[in-house]
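Please read it with the sequence and the coordinates to hand.

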Amino acid sequence: MLKRSCVKHCYRGLSALVTKSSSLATECSSLATHHVQPCYLQNKQMHSTSRCHDDETHFGYQTIPESEKEGRVKEVFERVANTYDVMNDAMSLGVHRLWKDHFVKSAAPSPNFKCLDVAGGTGDIAFKLHNYMKNVNRDCEKIVVCDINAEMLRVGQERAEEAGNTEHFIWKEGNAEQLEFPDESFDLYTIAYGIRNCTHIDKVLQEAHRVLKPGGRFMCLEFSEVSNPLISQIYDRYSHDLIPVMGQVVAGDFESYQYLVESIRKFPNQETFAQMIAEAGFEVVDYENLTFGVSAIHSGYKL
């Protein structure tokens with residue numbers, strides 16, 4: 001009861017911020033997605049935004065040696081694994097479920113597709129992909145779920161067991177920067193809210209391109225940049241001031257959720273990330289903003 005009341009108090013705090021602008025309240029009420037025209041990318045200069053220097057990178061707002069990031073990110077997700085899905089509801093006011101549903105519908109996998117979901121430990125996207133293919137086509141291939149964190153995979157496997165649905169998934173511990181799959185193995189590669197935690201985003205994209213078959217599709221769902229100044233200000237206040245507090249109340253972990261918020265701010269904006277995808281070799285690169293750009297879906301094809 002204490003945790004519920006505290007989370008409700010956080011929600012009231014957000015409501016107080018939103019009601020400061022009646023026009024914003026009207027605009028936000030629809031929770032509509034913003035569709036963006038495809039980005040026709042001509043500037044092919046390499047953006048190495050995942051690195052601050054040759055041997056340094058960011059961990060939230062901290063600058064650390066590259067060799068430390070993988071271990072520190074692993075520690076974060078080991079701590080939050082058991083409460084990760086609950087906290088996603090708290091952090092997004094439940095809207096992440098709508099974003100993920102739209103993400104899977106946009107992917108529209110066929111029943112014979114071989115799908116790889118990277119950084120998908122708790123199984124959220126994999127379960128939705130399976131349900132989509134089963135409902136539309138009544139049958140589907142096994143979905144491979146790959147995550148660097150064994151604790152996150154454990155949570156996903158337990159969820160599959162509880163649902164009595166273990167035979168449709170393969171769970172594999174692995175690094176998105178060095179996937180242990182042969183070239184041209186998959187028709188669809190998905191990654192949701194995971195790529196911003198990787199040390200070298202460019203390597204992740206190159207590996208995605210390598211393991212996809214010709215004609216295969218890369219799809220990424222990630223927090224992104226809100227362009228509207230007023231909405232951005234309110235969103236920043238909410239995420240910086242309330243989400244770490246929610247993490248302390250719900251999960252007993254302030255620092256991990258502070259890192260998650262900071263990692264969002266360090267991730268490239270929509271246009272920059274789209275260019276990075278093109279530089280990795282993907283074609284027909286485009287993106288779609290969701291809820292004013294709080295999240296965005298990026299897509300590209302291996303042609």
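Two strands pair if DSSP finds at least two bridges between them. Helices (H or I, at least four residues) and strands (E, at least two) are DSSP runs, numbered from the N terminus.

1. Basis of the note. This is a predicted model, in which local features need pLDDT of at least 70 and side-chain atom pairs count only at pLDDT 80 or more, while totals for chains, interfaces and linings use all residues. Residues are numbered from 1 along each chain as its sequence is written, and side-chain values use heavy atoms, with hydrogens and water left out.

2. Overall composition. The protein chain comes to 12 helices and 10 strands. Of its 303 residues, 50% are buried; buried means under 20% relative accessible area, exposed over 50%, and partly exposed in between (1.4 Å probe, protein chains only). Among contacts in the chain with a separation of 6 or more, 76% are between residues 24 or more positions apart, contact meaning heavy atoms within 4.5 Å.

3. The sheet. Seven strands make up an open sheet with mixed pairing, in the order β6-β5-β4-β7-β8-β10-β9. At its edges are β6 (169-173) and β9, each of which pairs on one side only. On average, neighbouring strands of this sheet are turned by 15 degrees against each other, direction ignored. Axes are lines fitted to C-alpha atoms, for helices over the stretch in contact, and angles run from 0 to 180 degrees between N-to-C directions.

4. Strand β5 (residues 143-147) runs parallel to β6 and is joined to β6 by five bridges. D147 stands opposite E173 in β6. Across β5 and β6 lies helix α7 (residues 150-162), which runs at about 165 degrees to β6.

5. Six bridges pair β9 with strand β10 (residues 295-301) in the antiparallel sense, and E288 stands opposite I297 in β10. The two strands form a hairpin with four residues between them, and T291 in the turn has a positive phi of about 50 degrees. Another point to check is V284, in strand β9, whose phi is near 50 degrees, a positive value in a residue other than glycine. V284 is exposed, with a relative accessible area of 55%.

6. Aromatic pairs. The structure holds nine aromatic pairs. Rings of Phe, Tyr and Trp (its six-membered ring) pair if their centres lie within 6.5 Å; planes under 30 degrees apart count as stacked, over 60 as edge-to-face and the rest as tilted. The pair of F169 and W171 is tilted, because the ring centres are 6.0 Å apart and the planes are at 45 degrees. Both of these residues, F169 and W171, are buried. F218 and F282 also form a tilted pair, with centres 5.3 Å apart and planes at 35 degrees. Since F218 lies in strand β8 (residues 212-223) and F282 in the loop between α12 (270-279) and β9 (283-290), the pair ties together parts that are 64 residues apart in sequence. F218 and F282 are both buried.

7. The cluster around Y193. Ring pairs link W99, Y193 and F223 into a cluster. Y193 is placed in the loop between β7 (186-192) and α8 (201-211) and is buried, with a relative accessible area of 8%. Its phi is near 55 degrees, a positive value in a residue other than glycine. For context, most residues other than glycine have a negative phi.

8. Helix α9 (residues 229-241) packs against helix α10 (residues 243-251) at an angle of about 30 degrees, with their axes 3 Å apart. The two helices are therefore roughly parallel to each other (angles under 35 degrees count as roughly parallel, over 145 as roughly antiparallel, 65 to 115 as roughly perpendicular and the rest as oblique). Y238, S239, H240 and D241 in α9 meet I243, P244, V245 and M246 in α10. V261, found in helix α11 (residues 254-266), is buried at 2% relative accessibility. Not counting residues up to four places away in sequence, V261 touches S239, H240, I243 and P244.

9. Residue E225. E225 is found in the loop between β8 and α9 and counts as partly exposed at 43% relative accessibility. Leaving aside neighbours within four places in sequence, E225 is in contact with N269, Q270, F292 and G293.
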